[in-house]
Amino acid sequence: MERTIVDAPRGARGTARATTGHPQSHTGPDHPLRVAIIGGGPGGLYAAALLKRLDPTRDITVWERNAPDDTFGFGVVLSDETLGGIEHADPTVHQALQRDFVRWDDIDIVHRGVRHTSGGHGFAALGRRRLLEILHSRCRDLGVRLRFRTEAPGDLPDTHDLVIAADGVHSTTRERYADVFRPRVTAHRCRYIWLAADFAFGSFRFDIAETEHGVMQLHGYPYAPDASTVIIEMREEVWQAAGFDELGEAESIERCAKIFAETLNGRPLRSNNSTWTTFRTVVNERWSHGNVVLLGDAAHTAHFSIGSGTKLAVEDALALAACLEEQDTLPEALAAYEAERRPVVASTQRAARASLEWFEDIARYLDQPPRQFAFNLLTRSRRVTHDNLRLRDAHFTQAVEREFGCPPGTPPMFTPFRLRGLTLRNRVVVSPMDMYSAVDGVPGDFHLVHLGARALGGAGLVMTEMVCVSEEGRITPGCAGLYTGRQAEAWKRIADFVHAQAPGTALGVQLGHSGRKGSTKVMWEGMDEPLPEGNWPLVAASPLPYKPSGQTPRELSRAQLTDLREQFAAAACRAARAGFDLLELHCAHGYLLSGFLSPLTNRRTDAYGGTLDKRLRFPLEVFDAVRNAWPGERPMTVRVSATDWAEGGTSAEEAVEIARAFAAHGADAIDVSTGQVVADERPDFGRSYQTPFADRIRHATGVPVIAVGAISSWDDVNSLILAGRTDLCALGRPHLYDPHWTLHAAAEQGYTGPAAPWPAPYRAGSRRPRTGRTDAPKPRLTLGN
C-alpha cells in the first residue's frame, strides 16, 4: 500500500535538526539533509522543489553551468498522467503550469497532399523556457539555492549527503563513474534539428516530404498561442544528399522552411542555436553509486517522437522523493527508486525505439493507402492501439477499417485471409508449441485434446508442434514424428476430429529436423541439456555443438543431404494423407535447416556454405522436394529466424533475401520468428518485439507474413493487421493460458459474425462473465498545499 506524505517535518522518523552547512552535523546518511543537484533542467529543479517541500530543513543547491534562460528546444509536452502526479505532489507548480498550457486534441498526418485527422488525444504543452521559469520561482520560494553559469564542483559526493545527477544526455557525472554505471549510448540513423515557428499549429502535425534526395518529415505542435515547435528529421544519407552537411545554421533553416512551405504557409522558421544532431539512446546498467544517483536523461533517453523526455525526468523526481521518504536508509531508497523506475523506463524506451525506427524506415510505408498510412503512424510505438484509437476517434478508425475491407462491426482480426487454395476465416494462428508428450513419435490422446481444444477455440489456423521427419531428427524422446505409418494414422485421427468438430478451422503441420539441438531432455527436465543416457548421434551443417555441454554433431555429407531431402518429402506425403490443410517448413530456431542459413552455424567450404546463396542452397532443395510432394492446392509456409540476436549472425537484409528466395520457390507466406540459433544470443525482449522483422519482410518483398513474439492481446492483433505490418498473427502462450482465446476475443469485442462461431455446446458461455470493480491506484506522492 502506498504512503500518503503530508507537508510537515519528519515526525514519522524523528525530528530533523536544522542544517549548519557542514555534513557532520546531519542526522546521517539515512536522512539526506545536504543535497546537491547537478543540472538545472526540469527534472533536477522539480526534484529540488519536492525534496525541500518534504523537509524544509534540507540544504539544497542546484548547479547549472548555463544561464537561467538557456534551453535546448522550444516546447514541452506533458501527459495527463504526469500532470496528475504533479498536481498531487505540488499543487502550486500544477496551478502555474495550468495557466500557461496550450491544449489540443487532434493529430494531423499529411502525406502526398492528403491530410487525415485523428481526434481525442488530449495534449498539453508549454514553452520550455516558461516551464523553467515556473520551477525556478518555486525553488526560490522554497529556499533552494540556484547557481547558474557555474560548473558543479567535483567533490560534491564528499561534501553532501546526496548528489542527484540530472545533467542530461551528455552527463559528466555518468562518465566520471562510467565503470560503475556502465552506460550504453546508441546513435541512430536520422539527423534532426529543433526549430520553432511564430504561429500556433491547430494540432500535433506530421508532414511527409518526398524530395529528390529522399524522405523528410516534419513534427510540429503548438506550445504557446503564437508559437509552435518544429522538428525536421531525415535519414543521414538523405541529409547528406540534400547538402545540409555543407550548410550553416541560417541556410539550413531557410532550406527547411522552403521544403515545408505549404505546411508553414510560407512563414519562416527560427532557431535557438539549433544544430543538426543524431539522437542517442542512453541506457545504464546501474543508476546509483554510493550517494550519487542518476535522474532523467543522464540515466535514460527516449526519442522525441513520443514526447517522453521531460515526462520521464519529472516522474523520476517524484519517485526518488517518495522513495527517500518511504525507505529507512539511503541505499535502500536509491535501490527502491531504481527498482520502481527501471521497468517503466524500459517500457517507454521500447516504445520510443519502435517509434524512432518507424520514422527511420518511413520510406517503406509511403505506398500504403493514405488512411492506413496514418493509422500505421499513429500506432507506430505500439502504445496507441486500434482499441484506444477507436475510443478516441471512432469516425477515423471506422474509416481506416472500411478502407482495409472490414465489414461493418467486424474487427480486423476477424477478416478472412487466403493462402493458395485455403481461406482462413480469421487472422489468428495458434503458434507451433512443442509438447514433448509423444511416445515413439506417435501423438496420443494428449495431442488430440490439446490441438482439438484450440481448434474448438476459434483460431483460423492451428499449427502442430515441430513434427520430426526422422527418429534421429527428434529434439527429445517426447517429440512427435511423421516418419512411420503409425504416426501418420495418429495424426489423421486428430485432423479428422478438427475437421468434424471444428469445421472452418484449418490444421497445419510444421515439419522439421532438430539438427545439432537434438538428443536432449524434455523442456521441464532441462531445456537443451543432453540426455543422461540413450543419446543418438546428431548431424548438422557444421560440427559445432549448440552448448559446450552438448554433443558435437557430424557434418552432413552429400549422400546424407540427399537422404534428408527424401525424409522431408516422405513426411510431406504422409502429412497430406493425414489431412493437414497447410504445411510449414521449419527453417528457424537453430534446427537443421536454420543451421544452414546462419553464418554462425554454417562453416562449410563446399557448395552449401559461405555466401548467402550457398547457405540457402540446401534449405531451398528441401523446400522444393516438399513442395513437389505436397498437394498443389494446399499452401506452404516457411518459418525463419530473421535475426540471430548475436554479432556476426543473420542480418536484417539477409533475412529479407532469405524470405524472397523461399517466395520465389513457391512459399505462400513467411512465418517470421527470431533467435534460438546460438546459445549466447542477447534478445531484445518486449511486447511484440519480433513484429518489426515481419513488417520489414512484408514491405520489402510483398510476401504475406505471419508475425509472432509476445503478441498477447486481441488489441495488438487488430493493430498490427490494420496497420499493414502483418497478415496473420501467431500466438503461443496466450493459447496455453486460454484455449478459447479467439472466441473470448470475439466476445470481448461484441463480435458475433462468421469468423468466430461458437461450437453449439459452448454457446451458453459466449457472453463475457461479469467482473468485480477494480479501483485505480493512488497517486505516487501527495503533499498538502
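The request below concerns one annotated span, and the reply goes on from there to other parts.

Trainee: Which residues does UniProt give to the feature "domain: NADH:flavin oxidoreductase/NADH oxidase N-terminal", and what can be said about that span and about the largest nonpolar core?

Mentor: This is a predicted model, in which local features need pLDDT of at least 70 and side-chain atom pairs count only at pLDDT 80 or more, while totals for chains, interfaces and linings use all residues. Residues are numbered from 1 along each chain as its sequence is written, and side-chain values use heavy atoms, with hydrogens and water left out.

UniProt, in an unreviewed entry, places that domain feature at residues 413–746; UniProt positions are given here in the numbering of the model, with shortened feature names, and annotations may be inferred rather than shown by experiment. Helices (H or I, at least four residues) and strands (E, at least two) are DSSP runs, numbered from the N terminus.

The largest nonpolar core has 90 residues, and Leu-482, Leu-511, Leu-585 and Phe-662 touch the most other members. Helix α19 (residues 558–578) supplies the largest share of this core, 8 residues. A nonpolar core is a set of buried Ala, Val, Leu, Ile, Met, Phe, Trp, Tyr and Cys residues joined through side-chain atoms within 4.5 Å; buried means under 20% relative accessible area, exposed over 50%, and partly exposed in between, with a 1.4 Å probe and protein chains only. Not counting residues up to four places away in sequence, Leu-511 touches Met-466, Val-467, Leu-482, Phe-568, Leu-583 and Leu-585, among others. Contact here means heavy atoms within 4.5 Å. Another core, of 65 residues, lies apart from the largest one and includes Ala-36, Val-76, Leu-78 and Leu-318.

On the surface, Met-523, Trp-524 and Met-527 form a nonpolar patch with about 350 Å² of accessible area together. Patches are made of residues with over 30% relative accessible area and no salt bridge, like charges being joined within 9 Å and nonpolar side chains (Val, Leu, Ile, Met, Phe, Trp, Tyr) within 5 Å. Met-527 sits in the loop between α18 (523–526) and β22 (539–540), and counts as partly exposed because its relative accessibility is 46%.

His-740 belongs to the loop between α25 (733–737) and α26 (741–748). With a relative accessible area of 18%, His-740 is buried. Leaving aside neighbours within four places in sequence, its contacts are Ala-453, Leu-456, Gly-457 and Tyr-762.

For comparison, the unreviewed UniProt entry also has "domain: FAD-binding", covering residues 161–349. The end C-alpha atoms of residues 161–349 lie 31 Å apart, and the span is 36% helix and 32% strand. Arg-182, in the loop between α7 (178–181) and β10 (183–197), has a positive phi of about 50° although it is not a glycine. Its relative accessible area is 38%, so Arg-182 is partly exposed. Pro-268 lies in the loop between α10 (261–264) and β14 (277–284) and, at 61% relative accessibility, counts as exposed. Beyond four places in sequence, Pro-268 is in contact with Ala-197 and Ala-257.

Key: Accessible areas come from the Shrake-Rupley method with a 1.4 Å probe; for residues, only the protein chains shown count as cover. A salt bridge is a side-chain nitrogen of Lys or Arg within 4 Å of a carboxyl oxygen of Asp or Glu.
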